[in-house]
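Hello,

Here is the structure I promised to pass on. Please open it first, then read my notes below.

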Amino acid sequence: MMLRSTPFWSLCSQSIRHRVLPLSSFFIHRRTIKTLPSFSLENKTCVVTGSARGLGKEFLTAFALSGARGACIDLSQKDCEASIASIASQVREAYPNDPVPELRAYECNATIESDVKSTWAKIVEDFGKVDVLVTAAGIVDNVEAENYEYTRGSWLFARESGRHMIQHNIQGSIILIASMSATICVRPQKQAAYNTSKGAVQMLAKSLATEWGSRGIRVNSLSPGYMKTDLIKGLLENEGKELVGSWERDIPMGRMAEPHELRGTIVWMASKFPTNPST
Ligand SMILES: NC(=O)c1ccc[n+]([C@@H]2O[C@H](COP(=O)([O-])OP(=O)(O)OC[C@H]3O[C@@H](n4cnc5c(N)ncnc54)[C@H](O)[C@@H]3O)[C@@H](O)[C@H]2O)c1
């Protein structure tokens with residue numbers, strides 16, 4: 001991986017520019033970025049649901065920047081393709097001398113079993129195998145508990161990927177996106193159904209980790225706090241932007257997080273490190 005040459009001049013403060021500097025100081029030399037080899041995802045295939053935007057898109061971007069091929073899954077083919085184009089341009093900008101890893105778009109509703117099965121089959125046909133699954137497809141429905149109409153949650157992708165990894169003896173990584181709402185009750189918005197579903201996602205991850213751990217498959221859940229994505233922007237439009245102030249008073253660092261702040265975490269979770277001390 002290479003860093004592009006950055007004109008040293010543009011990095012200098014005004015006062016330094018007026019001093020005489022040797023010519024060699026004007027360029028930072030190209031160098032290889034060094035990191036632990038186990039963090040590289042080269043030759044891995046990563047599938048991310050809900051990756052047309054928001055956290056899913058950030059996760060797919062982090063994987064592509066770490067060398068992985070990727071499948072973008074979301075409700076609209078057009079949105080998936082736009083997401084992939086934007087990810088590819090970020091990778092090209094970061095590594096202008098390297099080819100962009102293969103990225104493909106799949107329109108699929110993650111709550112419909114037949115959709116999930118046919119999409120999974122197509123992904124396996126296209127890429128040959130899958131090493132990492134992240135389930136970031138999600139919605140937030142803020143409805144009073146007494147008025148909520150139950151809608152079916154989705155564990156379908158986790159099941160398909162587990163079957164695939166067991167059948168082909170792949171020591172893969174499955175990451176289910178839960179939320180802080182799995183363990184704490186946020187306020188003042190009324191979201192009992194969301195909180196309950198995220199608690200279920202956390203327990204699903206623990207159960208699958210217990211059932212599939214002996215096969216070398218790592219299953220974990222990730223529980224973000226408030227992240228500045230379109231999901232939250234939509235929620236604030238419905239519930240009132242003044243909510244942010246009350247949320248931020250409850251956050252120790254006093255601010256919501258940017259989606260890119262989770263890039264390192266998701267790559268670490270997809271790498272060989274978590275719960276696999278033998279590699
Ligand atoms: N944003 C936050 O503050 C926050 C905090 C904690 C957890 N989360 C969780 O992270 C995940 C991603 O959230 P986000 O903020 O990026 O949301 P987002 O709305 O920005 O993105 C979610 C994506 O999922 C897709 N999607 C929704 N239902 C789908 C379905 N049935 N099939 C396929 N795709 C579907 C949407 O089209 C969208 O592109 C969600 O599970 C959410 O609950 C978000």
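A crossing of two helices is called right-handed if the near helix is turned clockwise from the far one by less than a right angle, and left-handed if it is turned anticlockwise. Keep that in mind for both helix pairs below. Note also that this is a predicted model.

First pair: α5 and α6. Helix α5 covers residues 113-127 and helix α6 covers residues 156-167. Their axes come within 10 Å and cross at roughly 40 degrees. The crossing of α5 with α6 is right-handed. On the α5 side, the contact uses Glu113, Val116, Lys117, Trp120 and Val124. On the α6 side, the partners are Leu156, Phe157, Glu160 and His164. This contact is made of five nonpolar residues, one polar and three charged.

Helix α10 spans residues 263-270. The axes of α3 and α10 lie 9 Å apart, at an angle of about 65 degrees. Here too, α3 passes α10 in a right-handed crossing. Glu58, Phe59, Ala62 and Phe63 come from α3. They meet Arg263, Ile266, Val267 and Ala270 of α10. Six residues of this contact are nonpolar and two are charged, with no polar ones.

Now the ligand. Which residues are closest to the ligand? They are Gly50, Gly54, Gly138, Thr229 and Leu231, out of 26 that surround it. Two elements give two or more residues to this shell: α3 (54-65) and α8 (230-239). By type, the shell holds 14 nonpolar, nine polar and three charged residues.

Best wishes

Conventions:
Residues numbered from 1 in each chain as written. Predicted model: local features only at pLDDT ≥ 70, side-chain atom pairs only at ≥ 80, totals over all residues. Near = placed C-beta within 6 Å. Helix = DSSP H or I, 4+ residues; strand = E, 2+ residues; numbered from the N terminus. Nonpolar A, V, L, I, M, F, W, Y, C, P; charged D, E, K, R; others polar. Axes fitted to C-alpha atoms, helices over the stretch in contact; angles between N-to-C directions. Contact = placed C-beta atoms within 7 Å.
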